[in-house]
Amino acid sequence: MNFLPNKSMTKIFNLLNLNTETFGLDITDLSLRLAKIKKGGGGYKIENLARKEIPGGIIKRGEVRNANLLAQEIKSFVSEEKIKTPYVIMSLPEERSFVQVIRMPKISEEELKSSIQYEAEHYIPFPLEKVYLDAQIVPSLKKEKDFFEVLLVAMPKATIRPYIFAAKKADLIPMALEVESQSISRAVVKDDKSLIPLLIINIDRSRTVLILFAGTSIRFTVSIPFSSALFNHKISQAMNISPDKTEEIKDKYGLEDKSKKGKELFDIMVPVLTDLQEQIKKYIDYYHSHIVHDFLSKNGSSVKKIILSGIDADIKGLDKFFQEGLGLPVETANPLNNFSSQQPKQFSNKKELLKFCSALGLAMRGINNPDYD
């Protein structure tokens, strides 16, 4: 899907058809993450993964506050990593997006193009003239004779334009822009066409994204203000340690260590995680009461599995904590689910790879879809 101005409605509108070498650039409030991959040897292989912290305040809650500074950070990062192609697929902030599957009558493609924007007005919580709207027909989860299922994605123009400005000022050419949930799902969901509904929980430095995915498509997403940075702040304050030591503490003790330090860390983390767990339950309930009723057959319609991704996904015992609290199987994401089993050794650290789910998904799109749809 493509958020570039005047190139919306990809897949349905099918506007772009280029076969160009690209790379993925994931942009968050606090960092830039880059992924460049190639196809070969029976799958994808990583050519480059890199991460750069950016000063706080350039982006705040997904809104670019200083596009010129963001451009400088992007340009220096791309130069340092010796990326030769200017063509980039970029992420957009989940918390500023609207993502939902809707039903449309089975009409001709031309009629669908003209009617989708009218229908979108009933769902999107922004005036249509102030958003870039994208849409894609997705395979139905029931055998529908009279309806299409269409994934709607919308984001305010005021949010998107500074990202495009920064990329162009950094001498890059954005080929497509998409929300994080799309790129994360592409990376962590195994491409086996499974219809099993999954909940992906992506915990990052500045937010957590919940992604309900079924069949071959996202069903809906939500961004909540829980973050790895919040974890680190709580630990730093309670244990009286410097913030840069918190990652080391989390890695060493997790939620299962029975030592004095381990129990101290457990007591700090559990109240925060319990609050997150309650929010997750609320959205699972919403899925079961709304989305299932509208789109899924009763058989096998409930969420069957949770996948943890992002910076804190591999905290020891986190999977068991959520499994017990939510009553569902929980596993840590494999960002190389759809990659060749043979990868360069420098890219084999699973903990590091979990930080690059979105960037890898963006890079996969560039290779998988020459028309960037």
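This is a predicted model: local features need pLDDT of at least 70, side-chain atom pairs count only at pLDDT 80 or more; totals for chains, interfaces and linings use all residues.

Q: Let's take helix α2. How many residues does it have, and what does it span?
A: Helix α2 runs over residues 109-120, which makes 12 residues. From first C-alpha to last it reaches 16 Å, close to the 16 Å expected at 1.5 Å a residue.

Q: Which residues of α2 are buried?
A: Buried here means under 20% relative accessible area. In α2 that applies to Leu 112, Lys 113, Ile 116 and Ala 120. Look down the axis of α2: its buried residues fall within an arc of 105 degrees, so they line one face of the helix.

Q: And what sits on the face turned away from the buried side of α2?
A: There you'll find the exposed residues Glu 110, Ser 114 and Tyr 118. As for the buried residues, their cover includes strands β7 (98-105), β8 (131-138) and β9 (147-156).

Q: Now the sheet of five strands. What is the strand order?
A: The general idea is that strands of a sheet pair through backbone hydrogen bonds, either parallel or antiparallel. In this structure, the open sheet of five strands goes β3-β2-β1-β6-β10, and its pairing is mixed. β3 (43-53) and β10 (173-179) are the edge strands, each pairing on one side only. On average, neighbouring strands are turned by 20 degrees against each other, ignoring direction.

Q: In what sense do β1 and β6 pair?
A: Strand β1 (residues 23-27) pairs with β6 (residues 87-92) in the parallel sense, over three bridges. To find your way, look for Leu 25, which stands opposite Met 90 in β6. Helix α10 (residues 357-368) packs on this sheet and touches β1, β2, β3, β6 and β10. The direction of α10 makes about 40 degrees with that of β2.

Q: How many salt bridges does a search of the whole structure find?
A: It finds 24. One of them joins the side chains of Glu 256 and Lys 320, at 3.2 Å, N to O. Glu 256 lies in the loop between α6 and α7, and Lys 320 in helix α8, so the pair ties together parts that are 64 residues apart in sequence.

Q: Are those two residues buried or partly exposed?
A: Glu 256 is partly exposed, at 36% relative accessible area, and Lys 320 is partly exposed too, at 49%.

Q: Which residues are linked in a network of salt bridges?
A: Look for Asp 29, Glu 95, Glu 180 and Arg 207.

Technical notes:
Residues are numbered from 1 along each chain as its sequence is written. Side-chain values use heavy atoms; hydrogens and water are left out. Helices (H or I, at least four residues) and strands (E, at least two) are DSSP runs, numbered from the N terminus. The expected span of a helix is 1.5 Å times one less than its number of residues. Buried means under 20% relative accessible area, exposed over 50%, partly exposed in between (1.4 Å probe, protein chains only). The arc is that of the directions from the helix axis to the C-beta atoms. Contact means heavy atoms within 4.5 Å. Two strands pair if DSSP finds at least two bridges between them. Axes are lines fitted to C-alpha atoms, for helices over the stretch in contact, and angles run from 0 to 180 degrees between N-to-C directions. A salt bridge is a side-chain nitrogen of Lys or Arg within 4 Å of a carboxyl oxygen of Asp or Glu.
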